[in-house]
Amino acid sequence: MTGPEIEKAIETALPPGAPAAAVVDLAAIRHNVASLGARAGAPVMAVVKADAYGHGLLPCARAAVEGGATWLGVAQLAEALELRRAGITAPVLAWLTVPGDAFAEAVERGVDLAVSAPWALAEIAAAARATGRTARIQLKVDTGLNRNGVTVPDFPDLLEAALKLEAEEVVRVAGLFSHYAWADAPRHPTVARQTDLFTEAVALAEARGARLEVRHLANSAATLTNPAASFDLVRPGLAVYGLSPAPDLGSPADFDLRPAMSLLARVANVKGVAAGEGISYGHAYTTTADTRAALLPVGYADGLPRHAVNEGPAWLGGRRYRIAGRVCMDQVVLDLGRDHADTAEVSVGDVAILFGDGPSDGTGVPTAQDWAEVCGTINYEIVTRIGARVPRLYLNEGAR
């Protein structure tokens, strides 16, 4: 959406007393899922973990399915169960569990469970026996990320144990998957090495009698840059929400993606500040001339990075500004200046856009990537850290 479109949306949808909101365009999510599937030439598992990367789990999961996602992926089991309790019936994979997790309910609700270690297979098997239902599992093999997943040397033993339980109808080995360490650098040697190891693991599983329904390896970066990694299913996360996982390789527009979230705040105060005055804690910013300052009621308690001091961008009244001074818990200040006629148009109640769907050249509405760059982090963190007290407002909900 353009700046005026976002401002119109916030004016019509945000209650007058709300200081800030994250506006999420569900049509963008539908578009992104369809675009990713077409690019990869494979079905899409839309990753909706971490409250759909801060965008809102249930609305975004529904939009992803409407956009063509045939699977949904989450990290924690509680996320999968929330989807099921809300009536979402699409296939769901949960891949990060701990001993004592809610395996019985997951088995009863038909959630696919990742198995990365013998303890998980044992607990899932016990839950299946207790419920009298066959558990659906997918084995995760660690091909080089050295994070979660069974190591390549230990994979044959885990596979054998899983297939033995399948023969007893305790589990169904439905899939095999892994995760790249360096997919945002598609020519890095680890990418080819991990692809080869995964291919070998698939071949071993099938030679041992596994009847795999899905084999998947591609995250967002691989989905966009490495067609050879598509296998049966691609597993994009960040790209579903319209952000580029590899900014050096292309902007969202380059990949036919539309950023879905815009973070907005209403101006709570406008006042004059004399030349030479410090602004905000520690006076990390000092005015160079008589000026006007605008107060935005959003801060690090809402998810803005505290270290965006003097750098965090915002769009207000048709111009781009940077935060003046430190980011406080609940508020930030913009130095509007006196030398621009349009600053006189800024008034209490106006809408500022902290980030949204802006141009890639850094001249217009700021983007999550702009915030990431000034804060020395990644765009993933910018959107996922937006706090719970910032309401999510959904555009194009239930529309196609």
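The largest pocket has a volume of about 790 Å³. A pocket here is an open set of points on a 1 Å grid over the protein atoms alone, with protein on both sides within 12 Å along at least five of seven lines, and lining residues have an atom within 4 Å of a point. Grid points are joined across faces, edges and corners, and a volume is the space filled by probe spheres set on the points. This is a predicted model, in which local features need pLDDT of at least 70 and side-chain atom pairs count only at pLDDT 80 or more, while totals for chains, interfaces and linings use all residues. Residues are numbered from 1 along each chain as its sequence is written, and side-chain values use heavy atoms, leaving out hydrogens and water.

**The largest pocket**
- Its lining has 37 residues, and H179, Y180, N219, P245 and Y380 lie nearest the centre.
- By class, 21 of the lining residues are nonpolar, nine polar and seven charged; Ala, Val, Leu, Ile, Met, Phe, Trp, Tyr, Cys and Pro count as nonpolar, Asp, Glu, Lys and Arg as charged, and the others, Gly among them, as polar.
- Helix α11 provides the largest share of this lining, three residues; helices (H or I, at least four residues) and strands (E, at least two) are DSSP runs, numbered from the N terminus.

**The second largest pocket**
- About 320 Å³ of space lies in the second largest pocket.
- Of its 19 lining residues, S251, P252, S360, T367 and Q369 are the closest to the centre.
- Here too, α11 gives the most to the lining, with three residues.
- The lining of the second largest pocket has seven nonpolar, nine polar and three charged residues.

- The largest cavity holds about 50 Å³, and its lining includes H55, Y241 and F355.

**Lysine 49**
- UniProt, in an unreviewed entry, lists K49 for "modified residue: N6-(pyridoxal phosphate)lysine"; such annotations may be inferred rather than shown by experiment.
- K49 is found in helix α3 (residues 49-53).
- K49 counts as partly exposed because its relative accessibility is 28%, with buried meaning under 20% relative accessible area, exposed over 50% and partly exposed in between (1.4 Å probe, protein chains only).

Key: 1 Å grid on protein atoms, 1.4 Å probe; cavity = no way out; pocket = protein on both sides within 12 Å on 5 of 7 lines; lining within 4 Å.
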